[in-house]
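Visitor: I have a model open on my screen and would like to learn how to read its side chains. Could you walk me through a few features?

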Amino acid sequence: MPSSSRKKNKGKDRKAKKVELERVAIYNAWRGWASGRNRTTGNQIQCSHGLDTTIPDKSHPVSSFISDYLVLDDIRDTLQAHEEVWNNDDHRKLARDILIRIGTKNLLDNEINAVIQNTPLDGVSLAWGITTAILILENYDEMVGSFDVNYGVAKYNRIVASKNRDLGEKHISKSKRDVIKFYRKRTNCSCLKKMHLEARNTLPKLGKCNHCKVEKERSLLMVCSRCMVDQYCSRKCQVAASAEHRSECDMFVWAHEKAVTISE
(Lines give C-alpha, C1' and ligand atoms only; values in the text may rest on other atoms or scores of the structure.)
Protein backbone atom coordinates (compact mmCIF):
# COMPACT_ATOMS: atom_id res chain seq x y z
CA MET A 1 0.00 0.00 0.00
CA PRO A 2 1.40 3.46 -0.91
CA SER A 3 2.51 5.62 2.00
CA SER A 4 -0.05 8.30 1.08
CA SER A 5 -2.91 5.78 1.40
CA ARG A 6 -1.61 4.56 4.77
CA LYS A 7 -1.47 8.16 6.03
CA LYS A 8 -5.03 8.78 4.87
CA ASN A 9 -6.27 5.62 6.60
CA LYS A 10 -4.47 6.55 9.83
CA GLY A 11 -6.01 10.01 9.62
CA LYS A 12 -9.48 8.50 9.22
CA ASP A 13 -8.86 6.16 12.15
CA ARG A 14 -7.76 9.05 14.39
CA LYS A 15 -10.80 11.08 13.38
CA ALA A 16 -13.14 8.14 14.05
CA LYS A 17 -11.60 7.58 17.50
CA LYS A 18 -11.95 11.29 18.30
CA VAL A 19 -15.62 11.28 17.29
CA GLU A 20 -16.27 8.18 19.37
CA LEU A 21 -14.57 9.73 22.43
CA GLU A 22 -16.67 12.87 22.00
CA ARG A 23 -19.87 10.81 21.78
CA VAL A 24 -18.94 8.92 24.97
CA ALA A 25 -18.23 12.22 26.76
CA ILE A 26 -21.55 13.69 25.62
CA TYR A 27 -23.43 10.56 26.67
CA ASN A 28 -21.80 10.59 30.11
CA ALA A 29 -22.63 14.28 30.53
CA TRP A 30 -26.35 14.05 29.77
CA ARG A 31 -26.65 10.73 31.63
CA GLY A 32 -25.39 12.55 34.73
CA TRP A 33 -27.86 15.40 34.18
CA ALA A 34 -30.77 12.98 33.59
CA SER A 35 -29.96 11.09 36.80
CA GLY A 36 -30.04 14.38 38.72
CA ARG A 37 -26.35 14.39 39.62
CA ASN A 38 -24.73 17.73 40.44
CA ARG A 39 -21.53 17.98 38.42
CA THR A 40 -19.72 20.02 41.07
CA THR A 41 -20.73 18.25 44.29
CA GLY A 42 -21.60 14.82 42.94
CA ASN A 43 -24.83 14.92 44.97
CA GLN A 44 -27.88 13.38 43.33
CA ILE A 45 -31.45 14.70 43.38
CA GLN A 46 -33.48 11.90 44.95
CA CYS A 47 -36.65 12.46 42.92
CA SER A 48 -37.85 11.01 39.63
CA HIS A 49 -40.18 14.00 39.09
CA GLY A 50 -42.87 11.48 38.16
CA LEU A 51 -41.05 10.56 34.95
CA ASP A 52 -39.61 7.40 33.42
CA THR A 53 -36.27 6.88 35.20
CA THR A 54 -34.81 4.61 32.49
CA ILE A 55 -31.41 5.68 31.18
CA PRO A 56 -30.57 3.41 28.23
CA ASP A 57 -27.01 2.48 27.35
CA LYS A 58 -25.19 4.53 24.72
CA SER A 59 -26.02 2.08 21.91
CA HIS A 60 -29.78 2.51 22.37
CA PRO A 61 -31.61 4.52 19.65
CA VAL A 62 -32.84 7.08 22.20
CA SER A 63 -29.33 7.59 23.59
CA SER A 64 -27.93 8.11 20.10
CA PHE A 65 -30.76 10.54 19.34
CA ILE A 66 -30.20 12.66 22.46
CA SER A 67 -26.41 12.73 22.04
CA ASP A 68 -26.75 13.83 18.41
CA TYR A 69 -29.35 16.45 19.31
CA LEU A 70 -27.19 18.01 22.03
CA VAL A 71 -24.32 18.23 19.53
CA LEU A 72 -26.28 19.49 16.52
CA ASP A 73 -28.78 21.64 18.47
CA ASP A 74 -31.22 21.05 15.59
CA ILE A 75 -34.24 18.97 16.53
CA ARG A 76 -35.55 18.63 12.96
CA ASP A 77 -32.36 17.25 11.42
CA THR A 78 -31.71 15.02 14.44
CA LEU A 79 -35.22 13.60 14.49
CA GLN A 80 -35.24 12.97 10.75
CA ALA A 81 -31.93 11.10 11.01
CA HIS A 82 -33.35 8.79 13.71
CA GLU A 83 -36.36 7.06 12.14
CA GLU A 84 -36.40 4.47 14.92
CA VAL A 85 -37.22 7.33 17.34
CA TRP A 86 -39.68 9.46 15.39
CA ASN A 87 -41.53 6.35 14.23
CA ASN A 88 -41.92 4.86 17.71
CA ASP A 89 -44.24 6.22 20.44
CA ASP A 90 -42.32 4.60 23.29
CA HIS A 91 -38.95 5.93 22.09
CA ARG A 92 -40.33 9.46 21.70
CA LYS A 93 -41.84 9.35 25.18
CA LEU A 94 -38.58 8.10 26.72
CA ALA A 95 -36.59 10.82 24.90
CA ARG A 96 -39.10 13.43 26.11
CA ASP A 97 -38.89 12.24 29.73
CA ILE A 98 -35.08 12.24 29.66
CA LEU A 99 -35.00 15.80 28.28
CA ILE A 100 -37.49 16.96 30.93
CA ARG A 101 -35.31 15.42 33.64
CA ILE A 102 -32.25 17.15 32.17
CA GLY A 103 -34.06 20.50 32.07
CA THR A 104 -35.47 20.13 35.58
CA LYS A 105 -32.08 19.18 37.00
CA ASN A 106 -30.44 22.22 35.41
CA LEU A 107 -33.14 24.54 36.76
CA LEU A 108 -32.68 23.16 40.27
CA ASP A 109 -28.89 23.53 40.09
CA ASN A 110 -28.79 26.73 38.03
CA GLU A 111 -25.02 26.48 37.90
CA ILE A 112 -22.67 27.02 34.96
CA ASN A 113 -23.06 23.63 33.32
CA ALA A 114 -21.57 24.13 29.88
CA VAL A 115 -19.68 26.51 27.64
CA ILE A 116 -20.97 26.71 24.07
CA GLN A 117 -19.29 28.98 21.51
CA ASN A 118 -17.27 30.54 24.37
CA THR A 119 -20.51 31.48 26.17
CA PRO A 120 -21.07 30.03 29.66
CA LEU A 121 -24.61 28.70 30.02
CA ASP A 122 -26.39 28.48 33.36
CA GLY A 123 -29.15 26.03 34.25
CA VAL A 124 -32.00 28.23 33.05
CA SER A 125 -30.34 28.77 29.66
CA LEU A 126 -29.77 25.04 29.18
CA ALA A 127 -33.31 24.19 30.29
CA TRP A 128 -34.71 26.80 27.88
CA GLY A 129 -32.61 25.47 25.01
CA ILE A 130 -34.33 22.06 24.92
CA THR A 131 -37.96 23.19 25.34
CA THR A 132 -38.69 23.14 21.59
CA ALA A 133 -37.40 19.57 21.30
CA ILE A 134 -39.67 18.50 24.18
CA LEU A 135 -42.68 20.16 22.54
CA ILE A 136 -41.96 18.48 19.20
CA LEU A 137 -41.63 15.05 20.84
CA GLU A 138 -44.92 15.60 22.69
CA ASN A 139 -46.85 16.62 19.57
CA TYR A 140 -45.27 14.51 16.83
CA ASP A 141 -47.64 11.92 15.34
CA GLU A 142 -46.18 9.47 12.83
CA MET A 143 -49.67 8.58 11.55
CA VAL A 144 -50.30 11.96 9.87
CA GLY A 145 -48.25 11.57 6.70
CA SER A 146 -44.65 12.05 5.58
CA PHE A 147 -41.97 13.15 8.03
CA ASP A 148 -42.05 16.73 6.70
CA VAL A 149 -45.83 16.96 7.19
CA ASN A 150 -45.70 15.37 10.63
CA TYR A 151 -42.90 17.68 11.75
CA GLY A 152 -44.66 20.77 10.37
CA VAL A 153 -47.86 19.93 12.24
CA ALA A 154 -45.93 19.20 15.45
CA LYS A 155 -43.94 22.45 15.38
CA TYR A 156 -46.40 24.97 13.93
CA ASN A 157 -49.73 23.97 15.43
CA ARG A 158 -51.23 26.70 17.59
CA ILE A 159 -50.40 25.13 20.96
CA VAL A 160 -46.72 24.59 20.22
CA ALA A 161 -46.19 27.81 18.26
CA SER A 162 -47.75 30.01 20.95
CA LYS A 163 -45.79 28.24 23.68
CA ASN A 164 -42.54 28.78 21.76
CA ARG A 165 -43.53 32.43 21.34
CA ASP A 166 -44.00 32.88 25.10
CA LEU A 167 -40.77 31.05 25.91
CA GLY A 168 -38.99 33.61 23.76
CA GLU A 169 -35.97 33.31 21.50
CA LYS A 170 -32.79 34.54 23.15
CA HIS A 171 -34.22 36.65 25.98
CA ILE A 172 -33.49 34.03 28.60
CA SER A 173 -33.75 36.24 31.68
CA LYS A 174 -37.11 37.61 30.54
CA SER A 175 -38.59 34.20 29.77
CA LYS A 176 -37.36 32.56 32.99
CA ARG A 177 -40.87 32.59 34.44
CA ASP A 178 -42.23 30.69 31.43
CA VAL A 179 -39.32 28.23 31.40
CA ILE A 180 -39.92 27.28 35.06
CA LYS A 181 -43.67 26.97 34.44
CA PHE A 182 -42.97 24.78 31.39
CA TYR A 183 -41.07 22.21 33.47
CA ARG A 184 -43.28 22.42 36.55
CA LYS A 185 -46.34 21.47 34.46
CA ARG A 186 -44.47 18.40 33.21
CA THR A 187 -43.28 17.07 36.57
CA ASN A 188 -45.38 15.32 39.24
CA CYS A 189 -43.50 16.59 42.27
CA SER A 190 -42.95 19.74 44.31
CA CYS A 191 -39.27 20.22 43.36
CA LEU A 192 -39.97 23.34 41.29
CA LYS A 193 -42.89 24.67 43.37
CA LYS A 194 -40.95 27.25 45.38
CA MET A 195 -38.99 28.45 42.34
CA HIS A 196 -42.17 28.76 40.28
CA LEU A 197 -44.06 30.70 42.96
CA GLU A 198 -41.12 33.08 43.40
CA ALA A 199 -40.93 33.66 39.64
CA ARG A 200 -44.67 34.35 39.46
CA ASN A 201 -44.38 36.91 42.25
CA THR A 202 -41.27 38.70 40.99
CA LEU A 203 -41.08 38.32 37.21
CA PRO A 204 -43.53 39.92 34.74
CA LYS A 205 -45.16 38.04 31.85
CA LEU A 206 -43.48 39.72 28.89
CA GLY A 207 -44.06 39.43 25.18
CA LYS A 208 -42.57 40.99 22.06
CA CYS A 209 -44.24 42.72 19.14
CA ASN A 210 -43.72 40.68 16.00
CA HIS A 211 -43.06 43.84 13.98
CA CYS A 212 -41.21 46.53 15.95
CA LYS A 213 -39.84 43.99 18.48
CA VAL A 214 -40.69 46.19 21.47
CA GLU A 215 -41.23 44.23 24.70
CA LYS A 216 -44.35 44.81 26.78
CA GLU A 217 -46.52 43.14 29.36
CA ARG A 218 -48.14 40.25 27.51
CA SER A 219 -51.63 41.48 28.41
CA LEU A 220 -50.95 44.70 26.43
CA LEU A 221 -50.21 42.86 23.20
CA MET A 222 -52.84 41.93 20.61
CA VAL A 223 -52.78 38.56 18.86
CA CYS A 224 -53.54 37.92 15.19
CA SER A 225 -57.19 36.79 15.20
CA ARG A 226 -56.58 34.31 12.37
CA CYS A 227 -53.53 32.30 13.47
CA MET A 228 -53.71 33.22 17.19
CA VAL A 229 -49.92 33.07 17.40
CA ASP A 230 -48.10 36.23 16.29
CA GLN A 231 -48.69 39.26 18.49
CA TYR A 232 -48.40 43.03 18.05
CA CYS A 233 -48.23 46.12 20.23
CA SER A 234 -50.65 48.10 18.04
CA ARG A 235 -52.95 47.93 15.03
CA LYS A 236 -50.39 50.04 13.16
CA CYS A 237 -47.69 47.39 13.66
CA GLN A 238 -50.05 44.59 12.66
CA VAL A 239 -50.92 46.33 9.39
CA ALA A 240 -47.27 47.10 8.68
CA ALA A 241 -46.35 43.44 9.19
CA SER A 242 -49.32 41.99 7.28
CA ALA A 243 -47.51 41.23 3.99
CA GLU A 244 -44.60 39.50 5.71
CA HIS A 245 -46.89 37.73 8.17
CA ARG A 246 -49.20 36.19 5.55
CA SER A 247 -47.15 33.09 4.70
CA GLU A 248 -46.38 32.39 8.36
CA CYS A 249 -50.05 32.90 9.25
CA ASP A 250 -51.07 30.41 6.55
CA MET A 251 -48.60 27.87 7.94
CA PHE A 252 -49.91 28.23 11.51
CA VAL A 253 -53.52 27.86 10.33
CA TRP A 254 -52.66 24.82 8.17
CA ALA A 255 -50.86 23.11 11.07
CA HIS A 256 -53.68 23.89 13.50
CA GLU A 257 -56.36 22.51 11.18
CA LYS A 258 -54.29 19.35 10.61
CA ALA A 259 -53.81 18.91 14.36
CA VAL A 260 -57.56 19.32 15.01
CA THR A 261 -58.38 16.75 12.32
CA ILE A 262 -55.97 14.26 13.89
CA SER A 263 -57.48 14.67 17.37
CA GLU A 264 -61.04 14.07 16.16
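Visitor: Which backbone oxygen does the side chain of Arg92 reach?

Guide: This is a predicted model, so please take each distance as computed from that prediction. To read a polar contact, look for N or O atoms within 3.5 Å of each other. Here the side chain of Arg92 comes to 2.8 Å from the backbone oxygen of Trp86. There is also a side-chain partner: Asp89, joined to Arg92 by a polar contact of 2.3 Å.

Visitor: Where is Arg92 found, and is Arg92 buried or exposed?

Guide: Arg92 belongs to helix H5, which covers residues 89-109. For burial, compare the relative accessible area with the 20% cut-off. Arg92 has 4%, so this arginine counts as buried.

Visitor: Which residues does Arg92 touch, leaving out those up to four places away in sequence?

Guide: The neighbours are Val85, Trp86, Asn87, Leu137, Tyr140 and Glu142. Keep Trp86 and Tyr140 in mind, as both belong to one aromatic cluster with Phe147 and Tyr151.

Visitor: How many aromatic pairs does a search of the whole structure find?

Guide: The search finds seven.

Visitor: Where do Tyr27 and Trp30 lie?

Guide: Both are in helix H1 (residues 3-34), three residues apart, or about one turn of the helix. Tyr27 is buried at 6% relative accessible area, and Trp30 is buried too, at 0%.

Visitor: What kind of aromatic pair do Tyr140 and Phe147 form?

Guide: Theirs is a tilted pair, with 6.0 Å from centre to centre and 40° between the planes. Check burial here as well: Tyr140 has a relative accessible area of 4% and is buried, while Phe147 is buried at 8%.

Visitor: Which residue lies over the face of Tyr151?

Guide: For this feature, look along the ring normal for a charged group. Arg76 lies over the face of Tyr151, 5.6 Å from the ring centre. You can find another case at Phe182, where Arg186 lies over the ring face at 3.8 Å from the centre.

Technical notes. Residues numbered from 1 in each chain as written. Predicted model: local features only at pLDDT ≥ 70, side-chain atom pairs only at ≥ 80, totals over all residues. Heavy atoms only, no water. Phe/Tyr/Trp six-rings, centres within 6.5 Å; stacked < 30°, edge-to-face > 60°. Helix = DSSP H or I, 4+ residues; strand = E, 2+ residues; numbered from the N terminus. Buried < 20%, exposed > 50% of the residue type's maximum accessible area, 1.4 Å probe, protein only. Lys NZ or Arg CZ within 6 Å of the ring centre and 35° of its normal. Polar contact = N/O pair within 3.5 Å; in protein donor to acceptor, adjacent residues only side chain to side chain. Contact = heavy atoms within 4.5 Å.
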